Amino acid sequence: MTSIKQPGEKNLMLFSGRAYPELAEEVAEHVGVSLTPTKLVDFANGEIYARYLESVRGCDAFVIQSHTSPINQWIMEQLIMVDALKRASAKRITVVMPFFGYARQDKKGRGREPITARLMADLFKTAGADRLMSIDLHTSQIQGFFDGPVDHLFAMPVLESYLKNKLDLATTTVVSPDTGRVRLSERWADTLGTPLAFIHKRRDLDVANQVKVNEVVGKVRGRTCVLIDDMIDTAGTICKAADALYEQGATNVIVAATHAVFSDPAVDRLKNSRISEVIVTNTLPLSQEARFDKLTVLSIAPLIARAITEVFTDGSVTSLFEGDT
């Protein structure tokens, strides 16, 4: 079954790009539909062609694509898929991007810089998207960049459920690796009932992914520290934060993050770090080379599937939000 129909009313159809079909198939299984057959090919010069092999007229379309490497190709493919749906008379188009590409470029830190996260929202609106759905945006303000509904889902319940079964909360401290993640870490600390600490750091604005850790603020000595972040890219921030916590007397450091970007040399850094466990979700695909003994990957598919179902049935997506809506 490739769609769910409500007689005379609605028809849910799920579409997947080529970036991460495994996640899309898992989501489809939880929703209770099959992915709609789609022809996606590259021309010799790299141009992308998309065509749906079933009628999509009047459907409630959900287009899933994870913005993984090569990120620009997969973003372009999703834009083309949205345009094809619009021109084929889909009734409503929801873009599902578990990881929102370019989310870190959400403001002008200095003159002559772009705000690429806003450009992304504009591109999808122009292509024909009626709604966006994403998980753990780098900053909540990105919701305001899109002129339409944005479902900002949070992976915190998935990660917390796993950690609660592993931790002695009486000796645990939630730690933000920088001041930018303090609000997220506060929600974690409130939910788990643990103290909160954060690490003050300085970043070299002229060199990407270069971080200097300054000091730890909070109670960490003799405690298990859970470092919280939305993504792990090169792992420089997380590994330096873990070293700083051990220097301040932490007995154990666990990392919990939503998006495992894992750009080089992230895997080597995490393997060789003093971090005891790295817990992530499967918003992005991970090759066998990117997996290591200390890595735990939790599925985000049930959360996405439930959000899709709520949107389709005009239910409450707010119940999925663990934070500011």
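Predicted model: local features only at pLDDT ≥ 70, side-chain atom pairs only at ≥ 80, totals over all residues.
Figure 1. Ile48 touches Arg18, Val41, Asp42, Gln73, Met76, Glu77 and Ile80, leaving aside residues up to four places away in sequence. Ile48 belongs to strand β4, which covers residues 48–52. With a relative accessible area of 15%, Ile48 falls under the 20% limit and therefore counts as buried. Ile64 is 16 residues from Ile48 in sequence, and their C-alpha atoms are 17 Å apart in space.

**Figure 2. The two domains of the chain.** The domain assignment gives domain 1 as residues 10–152 + 300–315, and domain 2 as residues 154–283. Taken over C-alpha atoms, the centres of domain 1 and domain 2 are separated by 29 Å. In contact across the interface are 15 residues of domain 1 and 16 residues of domain 2. The area buried between domain 1 and domain 2 is about 1,500 Å², and carbon and sulfur atoms give 51% of this area. Of the area that domain 1 buries against domain 2, 39% is supplied by Phe99, Asp136 and Ile300, more than by any other three residues.

**Figure 3. Polar and charged pairs between domain 1 and domain 2.** One salt bridge is found across the interface of domain 1 and domain 2. A salt bridge joins the side chains of Arg104 and Asp233, with an N to O distance of 2.7 Å. Polar contacts across the interface of domain 1 and domain 2 amount to 10 residue pairs, with both residues of each pair at pLDDT 80 or more. On the side of domain 1 that touches domain 2, α1 (21–31) and α8 (301–312) each supply at least two residues. By class, this side of domain 1 has eight nonpolar, three polar and four charged residues.

**Figure 4. Lys10 and its polar contacts with Phe312 and Asp314.** Lys10 lies in strand β2, residues 10–16. A polar atom of the Lys10 side chain is 2.7 Å from the backbone oxygen of Phe312. The side chain of Lys10 also makes a polar contact with the side chain of Asp314, at 2.7 Å. Asp314 is placed in the segment after α8. Phi of Asp314 is near 60°, a positive value in a residue other than glycine. The relative accessible area of Asp314 is 56%, over the 50% limit, so Asp314 counts as exposed.

**Figure 5. The cis peptide bond from Ser69 to Pro70.** Omega of the bond from Ser69 to Pro70 is near -5°, and the bond is cis. Pro70 is in the loop between β5 (60–64) and α2 (71–87).

**Figure 6. Phe262 and Pro265 in the loop between β13 and α7.** This loop runs between β13 (252–260) and α7 (266–271), and Pro265 is found in it. Asp264 and Pro265 are joined by a cis peptide bond with omega about 5°. Phe262 also has its place in the loop between β13 and α7. For Phe262, phi is near 50°, a positive value in a residue other than glycine. Phe262 counts as buried because its relative accessibility is 9%, under the 20% limit.

Technical notes: Residues numbered from 1 in each chain as written. Heavy atoms only, no water. Domains from an automatic or database assignment. Contact = heavy atoms within 4.5 Å. Buried area = accessible area lost by both parts, 1.4 Å probe. Salt bridge = Lys/Arg side-chain N within 4 Å of Asp/Glu carboxyl O. Polar contact = N/O pair within 3.5 Å; in protein donor to acceptor, adjacent residues only side chain to side chain. Helix = DSSP H or I, 4+ residues; strand = E, 2+ residues; numbered from the N terminus. Nonpolar A, V, L, I, M, F, W, Y, C, P; charged D, E, K, R; others polar. Buried < 20%, exposed > 50% of the residue type's maximum accessible area, 1.4 Å probe, protein only.
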